[in-house]
Amino acid sequence: QVQLVESGGGLVQPGGSLRVSCVASGRTFSQGTIAWFRQAPGKEREFVAVIRYNSHTYYGDSVKGRFTISRDNAKNSVYLQMNSLQPEDTAVYFCAADWSIILSELRNPRAYDYWGQGTQVTVSS
């Protein structure tokens, strides 16, 4: 059983920064594709960023240039550095993982078999 544990969410002012973390266990971490999704109340889950086993990265249009995803295989961890945060970034942020996902499915939340519990990020003054 794969487990994903998130941390780092909280309250931040507009224009501020925050880093959320996802620690994985239960499977060979270095070979996994790890993604971040977010979901605001009443809205569908939205793709944010993904990092593949080879460290290639992809971002959703709304966060390009502001967010950076990275991984530390030695720590079984993936990070999402969020800069220039705006109120519309307020959401529950989830990490997700899969070991068989293909390139065309990277932005599809239904393609991921494993999910963390989510961490709340609130951007407000």
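Colleague: Which residues are linked in a network of salt bridges?

Modeller: Arg-38, Glu-46, Arg-66 and Asp-89 are. Bear in mind that this is a predicted model.

Colleague: How many salt bridges does a search of the whole structure find?

Modeller: Four. Among them is the one between Glu-46 and Arg-38, where the closest N and O atoms are 2.9 Å apart.

Colleague: What does Arg-38 do with Asp-89?

Modeller: Their side chains meet in a salt bridge, at 2.8 Å from N to O. The two residues come from distant parts of the chain, 51 residues apart: Arg-38 is in strand S4 (residues 33-39), and Asp-89 is in the loop between S8 and S9.

Colleague: And which residue forms a salt bridge with Asp-89 at 2.7 Å?

Modeller: Arg-66, with that value taken between the closest N and O atoms. This pair also links distant parts of the chain, since Arg-66 sits in the loop between strand S6 (57-59) and S7, 23 residues from Asp-89.

Colleague: Is Asp-89 buried or exposed?

Modeller: Buried, because its relative accessibility is 0%. Arg-38 is buried too, with a relative accessibility of 6%. Arg-66 has 17% and still counts as buried, as the cut-off is under 20%.

Colleague: What about Glu-46, at 32%?

Modeller: That value makes Glu-46 partly exposed.

Colleague: Changing topic. How many disulfides does a search of the whole structure find?

Modeller: One. Cys-22 and Cys-95 form it, with their sulfur atoms 2.2 Å apart.

Colleague: Right-handed or left-handed?

Modeller: Right-handed, because the torsion about the S-S bond is about 65°.

Colleague: Are the two cysteines buried or exposed?

Modeller: Cys-22 is buried, with a relative accessible area of 1%. Cys-95 is buried as well, at 0% relative accessibility.

Colleague: S3 came up there. What is the order of the strands in the open sheet?

Modeller: The order is S1-S3-S8-S7, four strands with antiparallel pairing. Strand S1 (3-7) and strand S7 (67-72) are at the edges, and each has a single partner strand, so one side of each has no neighbour in the sheet. From one strand to the next, the twist averages 15°.

Colleague: What holds strands of a sheet together in general?

Modeller: Strands pair through backbone hydrogen bonds, in a parallel or an antiparallel arrangement.

Colleague: Back to this one. How many bridges join S3 to S8?

Modeller: Six, and the two strands run antiparallel. Val-23 has Ser-77 in S8 as its bridge partner.

Colleague: How many residues are between the strands in the hairpin of S7 and S8?

Modeller: Four. Asn-76 lies in this loop, and its phi is positive, near 50°.

Colleague: Is Asn-76 buried or partly exposed?

Modeller: Partly exposed, with a relative accessible area of 27%.

Colleague: What is the phi of Ser-55?

Modeller: Near 75°, which is again a positive value in a residue other than glycine.

Colleague: Where does Ser-55 lie?

Modeller: Ser-55 is in the loop between strand S5 (46-51) and S6. At 42% relative accessibility, Ser-55 counts as partly exposed.

Note on methods:
Residues are numbered from 1 along each chain as its sequence is written. This is a predicted model: local features need pLDDT of at least 70, side-chain atom pairs count only at pLDDT 80 or more; totals for chains, interfaces and linings use all residues. Side-chain values use heavy atoms; hydrogens and water are left out. Two strands pair if DSSP finds at least two bridges between them. Axes are lines fitted to C-alpha atoms, for helices over the stretch in contact, and angles run from 0 to 180 degrees between N-to-C directions. A disulfide is a pair of cysteine sulfur atoms within 2.5 Å. Buried means under 20% relative accessible area, exposed over 50%, partly exposed in between (1.4 Å probe, protein chains only).
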